[in-house]
Amino acid sequence: ACEVCADFSVDGKRAALIQAACGITDSDGSFILRRRIRSDGRGQAWINDTPVTVAGLRSAAAHLIEIHAQDRARQLAEPGEQLAAIDLHGGLAAQSANYAVAHRGVLDLEAESLRLAEGDRGSARELEFLRFQRREFDALAPKVGEFPELESRHRLLSEAESWRGLCEEATAILTDDDRAAARAVGRLARKLADAPSAALRDAGAQLAAATEILQSASAACSSAAESISADPGELATVSSRLDAYHELMRKHGGDENALFAAIAQIDTRIGELDGLDGRREAVAGDLASARQQRDQLGKALAESRRTAFAPLAKDIHRHLADLGMPKAKVKLHEDDGPATSLGTIAMQIHVQTNPGMPGGPISAVASGGETSRLLLALAAATANQAGTPLVVFDEVDAGVGGRLGAAIGGKLARLAEARSVLVVTHTPQVAAAAAAHYVVRKRQGMDQTSVAVERLADNDRLGELAEMLGGGAPAKAQAKALLAEARA
């Protein structure tokens with residue numbers, strides 16, 4: 001396994017930033033970051049001995065470690081990286097963030113305005129169809145509970161003759177003919193009324209009561225038969241209304257509840273679409289205000305960046321002079337164009353590396369070695385503002401010969417006076433300037449490969465520098481001179 005552990009001492013402000021990033025508090029102003037990776041690729045991470053995710057470790061490390069990897073020089077050519085450095089040096093981070101929020105708001109409103117504009121045609125068609133559906137409902141004017149009543153009335157009207165005949169039959173059986181039930185029961189009740197037994201008389205009384213019930217039932221059947229109408233006009237009206245109900249239910253659901261739910265949904269959507277014109281007007285007004293605010297913030301940010309760039313350029317020129325580029329000049333170039341997340345005015349750093357030669361973007365003018373020195377000069381110029389405890393440079397001397405290696409080493413050593421600086425290099429002049437020299441060695445066996453990192457003692461360091469210089473007695477003498485110069 002490989003395990004890396006780093007102990008950082010930070011001030012209260014940075015401790016608060018780290019706690020916000022990962023949720024871990026400091027321990028007496030310190031954060032201990034630890035990462036273990038096993039040979040099978042699995043790993044674990046801790047902050048102050050509290051297990052965290054790799055994402056949490058990375059969030060905390062972003063406030064503790066500044067890494068200038070081999071592609072950092074290429075990134076330096078990007079306007080976003082350059083403006084971030086200007087904002088850092090000038091303390092404009094909050095102002096830049098406020099502008100970015102305003103620009104994001106403009107983009108959101110522009111997207112909303114476009115969506116509303118593109119939805120006009122579809123919305124108009126939808127609104128027309130919804131109003132057609134609402135007219136169908138209005139024509140029927142359905143009422144809660146009406147549908148089951150109509151079904152009952154339709155059944156009664158369509159079977160009127162049958163129901164009337166049944167009522168007449170019941171009336172005849174109960175009271176109308178000589179052998180009617182009410183008459184027979186009445187005769188029995190009268191006979192039992194004079195019986196010598198109390199039980200018989202009681203039975204007669206109940207038969208008398210039954211006679212009254214049968215007569216009442218006969219009267220109800222007779223009245224019901226008279227009330228049943230076989231009016232074809234009413235049947236047609238009820239049938240037509242039921243057909244209208246069934247047609248709407250076929251479109252909007254299988255029962256009365258679904259029908260009224262559909263009405264409510266249609267009314268809600270019509271209200272939404274009817275409000276589109278008002279929404280478009282509101283968005284247009286909001287967009288105009290947002291653009292005005294964004295433009296004002298962008299104008300102020302551009303002016304602040306112009307002001308901040310002057311001292312930054314002065315610092316960069318001073319550091320470039322130390323790095324063998326005393327005639328190089330940087331300036332802030334501006335172009336008109338559409339507003340972006342970086343600002344309302346396109347800004348980027350242009351460089352002129354040699355007098356009499358045209359200046360231009362870093363990617364178009366500077367060589368690989370010059371870009372590396374520009375990167376180091378910019379890092380040195382913003383080091384105090386960044387305040388990152390650890391800065392890592394990977395091949396910052398790429399493309400630079402040994403003649404300038406000592407200057408780069410000296411610049412890195414001065415940068416390390418206020419923080420830890422870790423440099424990966426193959427240049428002996430840079431390695432000699434370091435306070436400590438570590439060597440990474442790879443050992444390959446038959447079945448596996450191992451990597452070891454070891455700190456060199458003074459004698460071993462002299463030998464390593466000599467090997468980096470090509471080996472032999474002259475190289476050893478030069479290595480001694482490099483170490484002596486670095487320690488002077």
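So, a cavity, for today, is a set of grid points where a 1.4 Å probe fits but cannot get out. Keep that in mind, and remember that what you're looking at is a predicted model.

Okay, cavities. The structure holds one of 30 Å³ or more, and the largest cavity has a volume of about 60 Å³. What lines the largest cavity? Leu76, Ile316, Val330, Ile349, Ile362, Leu374 and Leu378 do. Sort that lining by class and you get seven nonpolar residues, no polar ones and no charged ones.

Helix α12 covers residues 276-322 and helix α14 covers residues 368-386. They pack at an angle of about 125°, with their axes 9 Å apart. That angle is why we call α12 oblique to α14. As for handedness, α12 and α14 cross in a right-handed way.

Now a second pair, for contrast. Helix α10, residues 232-252, packs against helix α11, residues 256-274, at an angle of about 65°, and their axes are 9 Å apart. So α10 is roughly perpendicular to α11. Is the crossing of α10 and α11 left-handed or right-handed? It's left-handed. On the α10 side, the contact uses Tyr245, Leu248, Met249 and His252, and on the α11 side Glu256, Ala258, Leu259, Ala262 and Ile266. That gives seven nonpolar residues, one polar and one charged.

The largest pocket has a volume of about 1000 Å³. It has 28 lining residues, and the ones nearest its centre are Leu422, Val423, Val424, Ala436 and Tyr438. Several elements give two or more residues to this lining: the strands β9 (390-394), β10 (420-424) and β11 (438-444), plus the helices α15 (402-415), α16 (428-432) and α17 (458-468). Which element gives the most? That's β10, with five residues. And by class, the lining of the largest pocket has 20 nonpolar, five polar and three charged residues.

That's my tour, thanks!

Methods
Residues numbered from 1 in each chain as written. Predicted model: local features only at pLDDT ≥ 70, side-chain atom pairs only at ≥ 80, totals over all residues. Heavy atoms only, no water. Axes fitted to C-alpha atoms, helices over the stretch in contact; angles between N-to-C directions. Helix = DSSP H or I, 4+ residues; strand = E, 2+ residues; numbered from the N terminus. Parallel < 35°, antiparallel > 145°, perpendicular 65-115°, else oblique. Left-handed = near helix turned anticlockwise from the far one by under 90°. 1 Å grid on protein atoms, 1.4 Å probe; cavity = no way out; pocket = protein on both sides within 12 Å on 5 of 7 lines; lining within 4 Å. Points joined across faces, edges and corners; volume = space filled by probe spheres on them. Nonpolar A, V, L, I, M, F, W, Y, C, P; charged D, E, K, R; others polar. Contact = heavy atoms within 4.5 Å.
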